[in-house]
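Please examine the following structure, and then follow the account of its helices, loops and backbone below.

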Amino acid sequence: MKKVILLFLLYFSSSLWGQSRDVTEYVDSMIGNSDSRWMQFPGPAMPFGMVKLSPDNQGNVWRGGYEYKINQIIGFSHIHSWTMGGLLTMPVTGPLKIKPGEENEPDSGYRSRINHKNEKASLSYYSVLLDDYNIKAELTSTTRTGFQRYTFPKSDSSRILFDLENGSEYPYEVRWASISKVSDYEIEGFSTQSSYDEPTNLLNDYTVYFVARVDKPMKSFGTWVNGYVDTTSSICWGRHDIGAFMNFDTEEGEIIQLKTAISYVSIEQARKNLEVESGGFGWNFDAVRKYAVNEWRKILSTIEIEGGTEKDKRKFYTNLYRSYCSRTIFSDVDGQYVDMYERTQQLKDPASPIYGCDAFWNTFWNLNQLWALATPDIMNKWVESLLEYYRVGGWLPNGPPGVEYCDIMGAQHEIPLMVSAYQKGIRNYDVDKAYEAVKKTLTTQGTALSSGGIVGNRHLDVYLKYGFVPYGEKSHHNVFGTTYEGPTSNTLEYAFDDWNAAQFAKALGYEEDYDYFTRRAYNYKNVFDSETKYVRPKYSDGTWMPDFEPINKDEHSTSWSWLGSGFVEGNSWQYTWMVPHDMNELVKMIGREEFNRRLNEGFEISSEYSFSPPGDRFSAAYVNHGNQPCMQAAFLFNYSGKPWLTQYWAREMMNKYYGSTPIHGWPGDEDQGQGGAWFVMAAMGLFEVNGGGCVEPFYEISSPLFEKVTIHLDEKYYKGGKFVIEAKNVSNENRYIQSAKLNGKKLSKPWFYHSELVNGGELELIMGKKPNYKWGSRPQDAPPSMSSNTQ
């Protein structure tokens, strides 16, 4: 009997030992926090959290926020959304300082030096020791509230600062603000802020309302307005530099906890957000952190991985985390929000919030694919949010920060998101209204709204007149051009949206619209020069731009390639591949041999700089994975008869471009989850060059990073239960597909339908060290595209 028990214990222990760590433990929010954007940060945030509570250590600079190489912290601000910031808190001791000070003179302000050895970041948690004050700060959050735990030294001058105007990536102005003391435990206030970005015509006016509570009564309270300090009044108001402070006496090791909540509607709504989201936890910091981790687990556990290195697992789940972190919920717990006309609106379903973000520019190569596959309910909510913009503002938004309209990047790529959702059976919204919105957006000339911002396509009329967007002297006026001249790349972007509209119309049975938008989808050919076999800027009279070069070879070229190249943040070499909907035809137009030679040569050159050119020299790069125009490039070999090159280069990009340290995470612009989602899809060995907008969506196949991937399907949308991808013998060396089976049947082509995945089953890949030049390489093996008469 003892022997049986011993064997059982040995087996049980070995089983536990063999179990992988919890998926939440693989998220490392410190990865990639150097030379990164404002929306990428080490602090805690819930999925699409309104509150993104995180340390900052820079002023008003591009890629501002937190820089790992700066061993200081200014404070912890609550808002890290595109073009928006606000409400910074900072625990301090000693003489009162109301300015953050300068990096090269840290003692000139309230900022503090830090040592990274005393800094920790994990899922829903951040902590650091503020060396100048000997204060340990710990942070966690819910969707709309922050929770901070400060451990103070013995001091009769301990305090918590609240600063309303701080540095950010896009500077904002505090136009009017007020802070008042409610009780010895609570303060409240608001800050009406404004930012304007000329290139995108974004006029973002918003008010941040907040409530802050502590678990120890403050000894005294004070405020400042533009340098004037008041320790008598319980309220202040004014413009620009405004703040407040709570004073305390503290003993050595004494903990003071701070809860905050924000709203863009009112102080009362901020207080409601605090009560609903944090009230039930009392002052239990660890319970809030545990709750947040559990919420993240629901998303992270939808994809289960086995095999691979610990480093690759950290990269996988950190990239999955980033895919749901940086974009933002702007509605309160009860569904109230402020629209683009500064009116308070009420959502029918508060659980389906209003979202905001930077552009949907080419999210069809990353976020759209991942959200629809792993979390279709979230994808559905994004569509509902877009339709809410259409309901209250009359237009779809192509990049809606703070529930505002703007004209960011090219075209209207919210449309591919909506169409791919519908094609994949994600349809819990008003489908007729969705089609109406898509059709209006693509048939009505863009214009300016009194609410601020530009809606629609500014070049639509000339695009319809000529069949392309004419190039000229004004193509880059205020970056994106006038209504009569613009970037050549917009022709390609518009044509892709047209194809999505055509597929939407086809799915709904609108044959006339299908034919109309399909004809427009061929407009990409009007800027393809058959002599050079590149897309090329064309004037309104039909002549080509002379002295044409597909790559800017000037080593000192500006990073802002829109200043004369004819292409938005790119060049002709990159944008020639921008025909996602008709790739088979592009192969014919360039010629299969030249297509493969050119593309492979571009990868070989780009590999030398890890697929991200130094200094963001967009127009001088070949494959620039740090930016959107050619994120699909590695998967194009599946169309040109050399799928083994897709398998090779996709793996190289995962190895070289994506890192696992604070300094090396994403050397380019991760861009609010786009880089993260690309990695997750590529690591599973799946991709959609056309973004999934066709009536029968499909996935192209590449080399998975792991031996086994299990996608747990949402039964509300997909009835298959789970889909398993098994890559036998896979390793960094064994990256080439030798053979494949789908649900036990031989698969000889490098793609399969979305319906086959969501019905459940298994994709089995046999991997090897050498390419199998026969597998998936025949012309008939290529995935479908528009001109092959399958779409």
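Which residue follows helix 6, and is its phi positive or negative? The residue is Gly-394, with a positive phi near 85°. The structure is a predicted model, in which local features need pLDDT of at least 70 and side-chain atom pairs count only at pLDDT 80 or more, while totals for chains, interfaces and linings use all residues. Residues are numbered from 1 along each chain as its sequence is written, and side-chain values use heavy atoms, with hydrogens and water left out. Helices (H or I, at least four residues) and strands (E, at least two) are DSSP runs, numbered from the N terminus.

Helix 6 itself comprises residues 376–393. Its 18 residues should span 26 Å at 1.5 Å a residue, and its end C-alpha atoms are 26 Å apart, so the two values agree; the expected span is 1.5 Å times one less than the number of residues. Of these 18 residues, 15 are buried, where buried means under 20% relative accessible area, exposed over 50%, and partly exposed in between (1.4 Å probe, protein chains only).

Helix 10 is mostly covered, with 17 of its 20 residues buried. After helix 10 comes Gly-509, whose phi is positive, near 85°.

Positive phi values also occur at residues other than glycine. Ser-124 has a positive phi of about 65° although it is not a glycine. Ser-124 lies in the loop between strand 6 (119–122) and strand 7 (125–130), and its relative accessible area of 2% makes it buried. Gln-672, also not a glycine, has a positive phi of about 55°.

The packing of helices comes next. Axes are lines fitted to C-alpha atoms, for helices over the stretch in contact, and angles run from 0 to 180 degrees between N-to-C directions. Helix 13 (residues 583–590) packs against helix 14 at an angle of about 100°, with their axes 6 Å apart. Helix 13 is therefore roughly perpendicular to helix 14; angles of 65 to 115 degrees count as roughly perpendicular, under 35 as roughly parallel, over 145 as roughly antiparallel and the rest as oblique. Met-583, Leu-586, Val-587 and Ile-590 of helix 13 meet Arg-592, Glu-594, Phe-595 and Arg-598 of helix 14.

Helix 14 (residues 592–607) also packs with helix 15 (residues 643–656), at an angle of about 20° and with their axes 12 Å apart. Helix 14 is therefore roughly parallel to helix 15. Asn-600, Phe-603, Glu-604 and Ser-607 of helix 14 make the contact with Leu-645, Trp-649, Glu-652, Met-653 and Lys-656 of helix 15, contact meaning heavy atoms within 4.5 Å.

Finally, Ala-359 occupies the loop between strand 23 (355–356) and helix 5 (367–374). Its relative accessibility is 5%, so Ala-359 counts as buried. Leaving aside neighbours within four places in sequence, Ala-359 is in contact with Arg-327, Asn-398, Gly-399, Ile-408, Met-409 and Gln-674.
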